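I opened my notebook for a first look at a structure new to me. I wanted to know where its residues sit and what surrounds them.

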Amino acid sequence: MTIAKREHKNERIKREKDPLDVLGDLERYAREGFGAISEDDLNVRLRWYGLYTQRPQEDGFFMLRVKITNGTLAARQLETLGRISQRYGRNTGDVTTRQGIQFHYIRIEDAPAIFRELAEVGITTSGACGDITRNVTGCPVAGLAADELIDGEPTAWDIHNHFLDNREFSNLPRKFKITVSGCSSYCTGHEINDIGLVGVRRPDGEVAYDLWVGGGLGSKEHFAERLGVHIRPDEAVEVSSHIAAIFRDHGNRESRHKARLKFILIDWGAQKFRAELETRLGRRLTDGDTPDMPVTADRAHVGIFPQKTPGLFYVGAATKRGVLNGDQMIAVADLARQYGDGTIRLTPTQNLIFLNVPERNCLPLAEALRTLDLHVEASAFRTGTLACTGRQFCKLAVVETKSRAADIIEHLEAALPEFTVPLRISVTGCPNSCAHYQVCDIGLVGDVLQSPQGKRDAFRVFLGGHLGNGHTFGRELDVKIPVEEAKHYVERVVRTYLDHRNGVGESFQNFIARHDVAALNVF
Ligand code: SF4
């Protein structure tokens with residue numbers, strides 16, 4: 001007897017009404033209020049427009065996520081985002097690890113006005129959440145870096161435009177993430193995206209993209225696999241579209257835990273996946289070798305760096321654990337106009353970059369940013385700490401993250417003021433890994449600790465994860481740290497590294513890699 005597989009309940013909801021059609025109900029919901037929203041729209045379809053109920057749901061507020069292709073914003077756009085934050089979101093704002101912006105405390109009554117204000121400056125939320133192609137991320141210094149192989153931003157925009165509001169791809173089995181990077185730092189995490197396009201110079205001198213497929217974190221992390229092909233920039237949209245179609249047609253629709261593209265890669269292997277892709281394309285793709293990749297200890301772009309155009313610089317400033325409130329957005333937009341060319345890019349490390357800044361303006365800009373608590377000469381801790389939304393707003397979170405991360409940064413800055421080694425610390429509220437704990441040097445993920453006094457908020461600990469050359473997931477230690485003690489714990493880890501590394505040149509990643517878990521449990 002064969003037992004029919006049961007599809008996940010979200011599949012019915014997506015099939016009965018295309019989630020993109022929920023936009024037609026928005027004005028009515030805005031008029032009639034939170035209580036009028038149907039359960040299926042509230043819990044599923046509104047996510048396609050970036051609206052996600054926030055904790056506690058009874059209060060009737062939403063998180064709203066906005067897509068920023070390649071992280072690129074004109075001053076006018078950032079100013080609009082700042083006004084929206086002030087007017088509708090209690091001045092909240094976070095830079096996400098997909099180079100987007102999130103607001104909190106959004107009311108459904110205000111959603112149509114917000115969407116109109118966003119549309120006036122060319123910003124969309126369509127596809128910001130849900131089972132659809134998410135924000136297409138890209139190199140935050142695209143077009144600027146002297147050692148760049150290819151300016152990937154036009155490719156990122158072409159892919160964005162192809163998938164935006166495209167009903168062929170509005171009901172995927174789960175989220176679908178694409179990134180394009182063309183500089184030598186490969187800083188956008190192609191290893192953990194569903195599709196990663198990575199700039200490469202071919203032996204014949206042509207510049208192309210090396211194709212990586214099927215990366216993802218979450219509860220079962222998997223690095224993207226190379227398909228062994230190089231694709232031309234003008235093939236990028238077509239190839240991405242066919243990969244999304246493979247996902248749409250073959251992805252698991254019974255279990256959302258097994259629904260990401262990575263599970264197809266795990267089942268099929270890269271060879272079968274490439275064969276299916278080539279069958280759909282109707283041609284063989286060009287074979288290609290892997291590009292050289294640096295160990296990506298420093299992908300943050302924080303500081304002052306020369307651009308390829310003589311006399312111009314890009315200036316990267318660190319946020320404190322991704323927070324950028326509405327007041328800061330408006331002030332940053334002003335500074336971008338005053339000192340640069342009015343363009344800002346958000347980075348996957350939750351930081352900001354000002355583009356095309358003349359040399360004479362670099363230091364005044366850095367000084368002005370300092371007054372906003374955005375730092376160009378930032379500590380390694382501020383530069384490298386990521387934090388997800390956490391329990392303040394996220395319904396899935398086990399622990400609070402943003403204030404814990406701030407606490408950790410401030411403690412480490414005071415305790416270890418001379419520390420300059422690039423270090424990525426992730427403070428993540430649950431195993432969903434929005435702050436990428438598996439690929440950070442020190443990954444803290446929310447959990448519960450049973451103690452004689454009862455249950456306590458705690459962090460599980462992962463050490464030694466990183467992207468780039470030799471990318472590896474962090475190894476979990478046999479410890480749980482009460483959240484209040486996390487800052488002291490991280491300090492002990494960093495001090496042990498400083499005291500026992502093989503000379504100043506040994507990276508944190510290397511130090512961790514040469515110790516087994518038993519030795520690391522002593523921190
Ligand atoms: Fe929420 Fe978990 Fe994502 Fe953090 S990692 S934002 S707690 S779902």
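In which helix is the place of Val517? I found Val517 in helix H16, residues 517-520. I kept in mind that this is a predicted model.

**Entry 1: Val517**

I looked up the exposure of Val517. Its relative accessibility is 26%, so Val517 counts as partly exposed. Next I listed its contacts, leaving out residues up to four places away in sequence. Val517 touches Arg475, Glu476 and Leu477. Val517 and Cys187 are 330 residues apart along the chain, and their C-alpha atoms are separated by 28 Å.

**Entry 2: Leu64**

I turned to Leu64, which has its place in strand E2, residues 62-66. Is Leu64 buried or exposed? I read a relative accessible area of 0% for Leu64, so this residue is buried; the cut-off for buried is under 20%.

I then asked which residues Leu64 touches, not counting those up to four places away in sequence. I noted Tyr49, Gly50 and Leu51. I also noted Ile101, Gln102, Phe103 and Ile106. Ile114, Phe115 and Thr125 complete the list for Leu64. One pair I checked by distance was Leu64 and Tyr105. They are 41 residues apart in sequence and 8.5 Å apart in space, C-alpha to C-alpha.

**Entry 3: Ala336**

I found Ala336 in helix H10, residues 326-339. Ala336 has a relative accessible area of 1%, so I wrote it down as buried. Leaving aside neighbours within four places in sequence, Ala336 is in contact with Asp341, Gly342, Thr343, Ile344 and Phe354. I followed up on Phe354. It lies 18 residues from Ala336 along the chain, with 6.3 Å between the two C-alpha atoms.

**Entry 4: backbone details**

I looked at the peptide bond from Arg55 to Pro56. That bond is cis, with omega near -10°. Pro56 has its place in the loop between strand E1 (51-53) and E2. E2 is also the strand that holds Leu64.

Then I looked up phi values. His301 is not a glycine, and its phi is positive, near 60°. I found His301 in the loop between strand E11 (286-287) and strand E12 (303-306). Its relative accessibility is 9%, so His301 counts as buried. Asn356 has a positive phi too, about 55°, although it is not a glycine. Asn356 lies in strand E15, residues 352-358.

**Entry 5: cavities**

How many cavities of 30 Å³ or more are there? I counted two.

The largest cavity has a volume of about 50 Å³. I listed its lining, which includes Lys67, Ser126, Gly127, Ile132, Thr133 and Arg134. Val136, His160, Phe163, Leu164 and Asp165 also line the largest cavity. By class, this lining has four nonpolar, four polar and three charged residues.

The second largest cavity has a volume of about 40 Å³. Arg404, Asp407, Ile408, Val483, Glu484, Ala486 and Lys487 line it. Two elements give two or more residues to this lining: helix H13 (402-415) and helix H14 (486-500). H13 gives the largest share, three residues. I sorted the lining of the second largest cavity by class and got three nonpolar, no polar and four charged residues.

**Entry 6: helix H13**

Which residues of H13 are buried? I noted Lys402, Ala405, Ala406, Ile408, Ile409, His411 and Leu412. Ile408 also lines the second largest cavity.

I asked what covers these buried residues of H13. The cover includes strand E4 (94-95), helix H12 (380-384) and strand E16 (385-387). Strand E17 (425-428), strand E18 (442-451) and H14 are also part of the cover.

**Entry 7: the ligand**

Last, I looked up the residues around the ligand. Cys388, Thr389, Cys394, Leu396 and Ala397 are among them. By class, I found six nonpolar, five polar and no charged residues in the shell around the ligand.

Methods. Residues are numbered from 1 along each chain as its sequence is written. This is a predicted model: local features need pLDDT of at least 70, side-chain atom pairs count only at pLDDT 80 or more; totals for chains, interfaces and linings use all residues. Side-chain values use heavy atoms; hydrogens and water are left out. On a 1 Å grid over the protein atoms alone, a cavity is a set of points where a 1.4 Å probe fits but cannot get out, and a pocket is an open set with protein on both sides within 12 Å along at least five of seven lines; lining residues have an atom within 4 Å of a point. Grid points are joined across faces, edges and corners, and a volume is the space filled by probe spheres set on the points. Ala, Val, Leu, Ile, Met, Phe, Trp, Tyr, Cys and Pro count as nonpolar, Asp, Glu, Lys and Arg as charged, and the others, Gly among them, as polar. Helices (H or I, at least four residues) and strands (E, at least two) are DSSP runs, numbered from the N terminus. A residue is near a molecule or strand if one of its heavy atoms lies within 4 Å of it. Buried means under 20% relative accessible area, exposed over 50%, partly exposed in between (1.4 Å probe, protein chains only). Contact means heavy atoms within 4.5 Å.
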